[in-house]
Amino acid sequence: MAFDFIQTALAARRKNNLFRQVTTLDSAIGALIEVDGQHYLNFSSNDYLGMRQSTAVMQGWVDGIGQFGGGSGASPLVTGHTRAHQDLQDSLAQGLEREAVMLFNSGFAANQAVCQALFQANAHCCALRDSGQGYILADRLMHASLLDGAMGSDATLRRFVHNDCTHLETQLSKIRANTTEESGKEQDVLLVTEGVFSMDGDQAPIQALASISEQHNAWLMVDDAHGFGVLGQTGMGSVEQAGLNQHQVPVLMATFGKAVGTSGAFIAGSQGLIDYLSNFAKHYIYSTAMPPAQAVATLASLQAIQQSEQRSLLQENIDEFRRLATAAGIPLTPSITAIQPIIIGCPKRTLAISQRLREMGLWIIAIRTPTVPKGTDRLRITLSASHHKKDIQALVDGLAFVMGELPDDQ
């Protein structure tokens, strides 16, 4: 039978407690969600600042629809790029202190676009490349979108131990020595990391990575999906927090679907980079532009974030959770961001704990391999400015009870 591997693959996922399926939300208000008529405190959302239901964002959507309608109607290079898109790009470029910005429909598309546009053998421009197709050197815990984009490009993908600058330098030195010996010329190297890692919540040593990149004549790219909107003096993210400029971080990607509360993503960099992507990034050229109303709502959210206390409220909630969890004997990772994983290690036990917490009204998703490395299955707890202190107390009480109730061999 054609494609008979499908049922075999699904059966294996079920057997290994790794099967995934979609949950339908009936409603979502603040930190509460409703599923099948039951209400839960939601500790699995990336809406770190509670912006997706803010007045600013919702009014932005209404205003944008009134002015531009429901959709963009075309790709950006045809007639899909409106004043709303341009205003958002201009505001981002100014706030990030970058020459130019390009909007994408998702972070997944943006990461793939960068990898495949910068390292594509079949593009006419690549005939101008000095030597070979180059290297993408990625942190071992990089998001699947970047790794998939790298593997779909003509670059050679290498990975370095998570946040390990010594191993990174060793890798870079080998690349430089090998390529120079083979061709007499250096190949292009794109070093990629995340500002805040999506599953662990820890931060990259961006300043050190920028210094290493400069020493080895490589470009540094930062995926700041989980730092943008939250970190930095004005909420512009990890790179702002680290005080690094466009020369030090030539490629910056971030998304709007987390702290900003809308959807989509952007690439920020030099005017030359953005012009190049406009001509060679297929994910941009051949995709319908995001709805203009979405751009209006996103800009409204960014302006509100800079003027509100949401980031301070989030930090207070992070501190409160870590204080209560430590007092309750719950094992924590070093993360000081909104992402607070509880490492369980066994997919079956992780699922059991998640289900038991759900019965208590706490929604915490079990994250298992292959999303995370084998043996690091976890509860991925995410905190939000929408949570109240009593919500966090209920979370810690539930965790302490259930983790004690279910033995390690469950």
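**First stop: helix H4**

Select Asp87, which counts as partly exposed because its relative accessibility is 33%; buried means under 20% relative accessible area, exposed over 50%, and partly exposed in between, with a 1.4 Å probe and protein chains only. This is a predicted model, in which local features need pLDDT of at least 70 and side-chain atom pairs count only at pLDDT 80 or more, while totals for chains, interfaces and linings use all residues. Residues are numbered from 1 along each chain as its sequence is written, and side-chain values use heavy atoms, with hydrogens and water left out.

Arg83 is exposed, at 53% relative accessible area. What does Arg83 form with Asp87? The two form a salt bridge, and their closest N and O atoms are 3.7 Å apart. The term salt bridge here requires a side-chain nitrogen of Lys or Arg within 4 Å of a carboxyl oxygen of Asp or Glu. Side chains of opposite charge can pair when their charged atoms come close. Arg83 and Asp87 are 4 residues apart in helix H4 (residues 83–96), so about one helical turn separates them. Helices are DSSP runs of H or I with at least four residues, numbered from the N terminus. By the salt-bridge rule, the count comes to 8.

**Second stop: helices H13 and H15**

Select Lys389 and Glu316. They form a salt bridge whose closest N and O atoms are 3.9 Å apart. Lys389 lies in helix H15 (residues 389–405) and Glu316 in helix H13 (residues 310–327), so this pair ties together parts that are 73 residues apart in sequence. Lys389 is partly exposed at 39% relative accessible area, and Glu316 is partly exposed at 42%.

Select Arg356 and Glu405, a salt bridge with its closest N and O atoms 2.8 Å apart. This pair links distant parts of the chain, with Arg356 in helix H14 (residues 347–359) and Glu405 in helix H15, 49 residues apart. Arg356 is partly exposed, with a relative accessible area of 24%; for Glu405, also partly exposed, the value is 34%.

**Last stop: helix H1**

Finally, select Ile6, which is placed in helix H1 (residues 5–15). Ile6 is partly exposed, with a relative accessible area of 41%.

Technical notes: Helices (H or I, at least four residues) and strands (E, at least two) are DSSP runs, numbered from the N terminus.
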